[in-house]
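Subject: Structure handover

Hello,

Here is the structure we talked about, with the sequence. My notes on it follow below.

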Amino acid sequence: MAASMNDVLNTGKLVFERSSFKNEKENHKMTILNQYFNHTVQLLLPGTEDLPADMDTLLIQEASFLVREVPLSFFLNEEFIEGFVKSGLMQALSVGTCVDNENCIALLPTGVLLLSVCTDTYQDIGLEGRPSEWPNKHVIEIDLTDKNFRSGNKLHARTKSCFNERWTLKWDFLVNWTPKDPKICSTSIQNYFKHQNIVCNRLKFTKHVQKHKQLMVPTFCPDSFECSGKQIMQSGDCGERPCDQYEVFEWLGACALGVEMTGNGVGDYISNYTCPSPNTTVPAAVCASYSSMFSSHTIQLLMEKLRDFMQTKDQRWCSVTVHGFMDAPVAWRRDHGFHSNGDNLYTFVLFQNGDYWQIRALGPQDNCV
Amino acid sequence: MSAPMDFNIPTCERSTLKEKIKMAHRLGYKAVAINIFIPELTQTSKKKKSQQQPTWKSFRQLTRISATLADVQHNFVMSTDIVQQYDLVAVQPTTDKTFYQACTALNVDIITLDVTEKLPFKLKRTTINAAVQRGIKFEFQYSPAIRDSTLRKYFIANAQQFVFCDKGKNIILTSGCEKAMELRGPYDVANLGSLLNLNAAQSKAAVTLNCEALLKHSESRRLNKSVSKVEKLEEIPGNETWLLDKLRVHSSLESVNGGSRDIAGIHGIDSSDEETSVDGPAAKKIKLVQT
């Protein structure tokens with residue numbers, strides 16, 4: 001008896017937006033600032049020989065730390081809340097916890113301690129929360145910056161007794177702090193942890209730069225995207241039908257992975273993917289990838305540097321892709337789950353005239369705003 | 001915790017078993033059950049072997065026994081202590097009558113449906129529902145499908161037939177691997193569910209949630225239909241000592257009862273599929289004291 005496959009698994013969504021930086025109602029800032037936990041940044045600059053030094057320094061100097069064996073009661077510390085949470089953007093993410101199987105802890109830069117717990121744990125610990133958007137999980141949000149949240153307050157007492165007696169597990173966290181006052185160094189968080197006798201080490205970042213000579217890049221322009229089955233610009237200064245956003249996005253991904261696209265395409269065994277046509281050849285291009293934990297503030301600065309770079313150099317376009325953590329419990333202010341993948345990445349393709357393409361790739365358990 | 005689990009790793013020679021367990025841990029499974037398969041049920045005294053295995057934090061290794069049910073008369077052996085002491089008990093029925101017996105009467109956790117040949121009996125919705133009511137799950141092994149192409153056909157055919165009857169709610173997918181290379185990662189196995197007409201949530205549940213429910217079912221099977229469990233005060237784990245203050249029996253009542261302190265240590269079992277909530281008697285006691 002052969003039955004047909006009725007329910008095809010949904011493996012994710014792709015959200016495309018096209019706008020301009022000069023447009024006042026732009027929401028590119030919202031996309032960048034609302035994605036708190038960023039794991040990898042990939043830059044592609046066609047037509048440039050070397051990566052600009054200021055962008056490189058900005059990404060290398062990101063001060064993220066790995067702290068080990070931290071109990072949850074640590075986050076309720078008055079000193080910690082006053083000194084770090086309220087006076088800057090403090091974020092922390094638990095390491096090694098799978099968001100679909102286990103309990104995950106995240107401290108958001110808005111000052112909310114978010115606990116994404118399994119149903120069993122939720123019933124055990126007794127703090128008030130809400131069911132998550134994704135099955136079998138509950139979300140408990142504790143606003144640490146609330147002026148009522150201090151000793152004497154019922155919620156504070158209940159949370160404290162829960163973390164001190166019932167849920168005393170220790171976790172490893174990735175921590176990042178951006179102080180409001182530019183005179184304070186962001187590594188003072190490391191000193192604070194060391195004072196509390198908690199092991200705190202600078203997170204090692206990985207950097208991979210690939211310089212290309214004679215790279216084939218697809219030809220496209222800000223208006224050559226496809227919308228509702230039709231392409232907006234059939235031809236134009238690009239000549240024949242230019243590449244649409246899907247082809248460009250796929251090509252960007254192939255470049256980031258280092259796929260060999262120089263073969264003739266058809267007969268190769270490993271991969272027969274080639275650069276989509278129409279395409280041009282640029283004499284040089286640089287592809288760089290940085291992995292660490294980046295705060296949304298750093299990404300915002302990077303974006304501004306990229307815009308300056310586009311204006312000073314004669315670049316047709318450049319792109320930056322930012323990947324979020326697959327196991328973060330929150331993405332773009334909504335609950336993030338992991339069904340079979342936990343993608344939450346976004347790509348900006350910046351054009352010379354200030355236009356941009358914003359492409360967001362989400363997993364099956366993600367809702368974008 | 002809906003962690004992925006693999007409940008069928010057949011026991012074999014020491015080094016191969018070690019390889020399989022290491023592979024399961026690397027692939028991301030949080031619990032495995034090592035299976036001892038008995039082809040015929042006879043009155044032998046099989047003592048449960050406790051084997052020294054590689055251990056990791058948060059990786060449980062359970063024991064399981066499976067048997068084929070050929071004849072209805074011999075199945076009383078399944079209720080003996082020797083069999084029931086294993087963590088998981090599984091049966092593989094081969095005829096209509098044994099299938100009916102397994103679903104309605106036998107004290108088991110898992111019913112394995114054979115993937116090596118066409119199902120010898122017809123699946124009836126009423127029988128399957130009876131098993132579902134009792135918390136028994138139906139198992140399909142995917143390793144035979146990896147080994148051979150004819151077995152692949154039967155695996156898909158039998159599983160789809162079952163899903164058609166049962167609407168895909170009480171299935172677990174396990175490996176039944178003979179070598180470490182036949183194990184697949186939990187997310188891959190969950191994707192296999194789409195071939196069997198399970199939807200996305202059901203396929204993931206086949207590897208995670210249903211296995212979790214099965215563990216609770218096996219605990220209740222070993223405790224023999226209980227609603228509460230009595231523990232000594234000294235043995236209560238550290239993070240539950242706050243319960244003692246809340247449940248302390250009033251001093252006058254204590255002297256009346258002769259100071260039997262064990263009563264104050266009533267500990268509730270986590271609610272499983274078929275048991276009702278435990279807090280009834282304890283909650284009533286608290287009310288009496290506080291009024």
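This is a predicted model: local features need pLDDT of at least 70, side-chain atom pairs count only at pLDDT 80 or more; totals for chains, interfaces and linings use all residues.

**Notes on the model**

Lys18(B) sits in helix α1 of chain B, residues 14-27. With a relative accessible area of 39%, Lys18(B) is partly exposed.

**Cores**

The largest nonpolar core has 52 residues, and the members that touch the most others are Phe99(B), Phe138(B) and Phe140(B). Helix α6 of chain B, residues 149-166, supplies the largest share of this core, with five residues. Leaving aside residues up to four places away in sequence, Phe140(B) touches Leu113(B), Val115(B), Phe155(B), Asn158(B), Ala159(B), Phe162(B), Ile171(B), Ile172(B), Leu173(B) and Thr174(B). There is also a second, separate core, of 38 residues; among them are Leu127(A), Phe149(A), Trp167(A) and Val175(A). In soluble globular proteins, nonpolar side chains tend to be buried together.

**Helix packing**

In chain A, helix α2 (residues 53-60) and helix α8 (residues 296-312) have axes that come within 10 Å and cross at roughly 175 degrees. Because angles over 145 degrees count as roughly antiparallel, α2(A) is roughly antiparallel to α8(A). On the α2(A) side the contact involves Asp54(A), Met55(A), Leu58(A) and Leu59(A), and on the α8(A) side Thr298(A), Leu301(A), Leu302(A), Lys305(A), Leu306(A) and Phe309(A). Sorted by class, this contact of α2(A) with α8(A) has seven nonpolar, one polar and two charged residues.

In chain B, the axes of helix α8 (residues 200-207) and helix α9 (residues 209-223) are 4 Å apart, and the two helices pack at an angle of about 45 degrees. That angle makes α8(B) oblique to α9(B). Lys204(B), Ala205(B), Ala206(B) and Val207(B) of α8(B) make the contact with Leu209(B), Asn210(B) and Cys211(B) of α9(B). By class, the contact of α8(B) with α9(B) has five nonpolar, one polar and one charged residues.

**Helix α7 of chain A**

Does the length of this helix agree or disagree with what its 13 residues should span? Helix α7(A) covers residues 245-257 and, at 1.5 Å a residue, should span 18 Å; its end C-alpha atoms are 18 Å apart, so the two values agree. Buried residues in α7(A) are Gln245(A), Val248(A), Phe249(A), Trp251(A), Leu252(A), Ala254(A) and Cys255(A). After α7(A) comes Gly258(A), with a positive phi near 75 degrees.

**Backbone details and one buried histidine**

Ser277(A) and Pro278(A) are joined by a cis peptide bond, with omega about 5 degrees. Pro278(A) belongs to the loop between α7 and β14 (279-294) of chain A.

Asn197(A), a residue other than glycine, has a positive phi near 60 degrees. Asn197(A) is in the loop between α6 (188-195) and β10 (200-202) of chain A, and counts as exposed at 71% relative accessibility. Gln214(A), also not a glycine, has a positive phi near 60 degrees. Gln214(A) lies in strand β11 of chain A, residues 206-218, and is exposed with a relative accessible area of 54%.

His138(A) is in strand β8 of chain A, residues 137-143. At 15% relative accessibility, His138(A) counts as buried. Not counting residues up to four places away in sequence, His138(A) touches Leu115(A), Ser116(A), Val117(A), Thr119(A), Tyr122(A), Arg130(A), Pro131(A) and Ser132(A).

Regards

Conventions
Residues are numbered from 1 along each chain as its sequence is written. Chains are lettered from A and ligands numbered from 1 in the order in which they are written. Side-chain values use heavy atoms; hydrogens and water are left out. A nonpolar core is a set of buried Ala, Val, Leu, Ile, Met, Phe, Trp, Tyr and Cys residues joined through side-chain atoms within 4.5 Å. Buried means under 20% relative accessible area, exposed over 50%, partly exposed in between (1.4 Å probe, protein chains only). Contact means heavy atoms within 4.5 Å. Axes are lines fitted to C-alpha atoms, for helices over the stretch in contact, and angles run from 0 to 180 degrees between N-to-C directions. Angles under 35 degrees count as roughly parallel, over 145 as roughly antiparallel, 65 to 115 as roughly perpendicular and the rest as oblique. Ala, Val, Leu, Ile, Met, Phe, Trp, Tyr, Cys and Pro count as nonpolar, Asp, Glu, Lys and Arg as charged, and the others, Gly among them, as polar. The expected span of a helix is 1.5 Å times one less than its number of residues.
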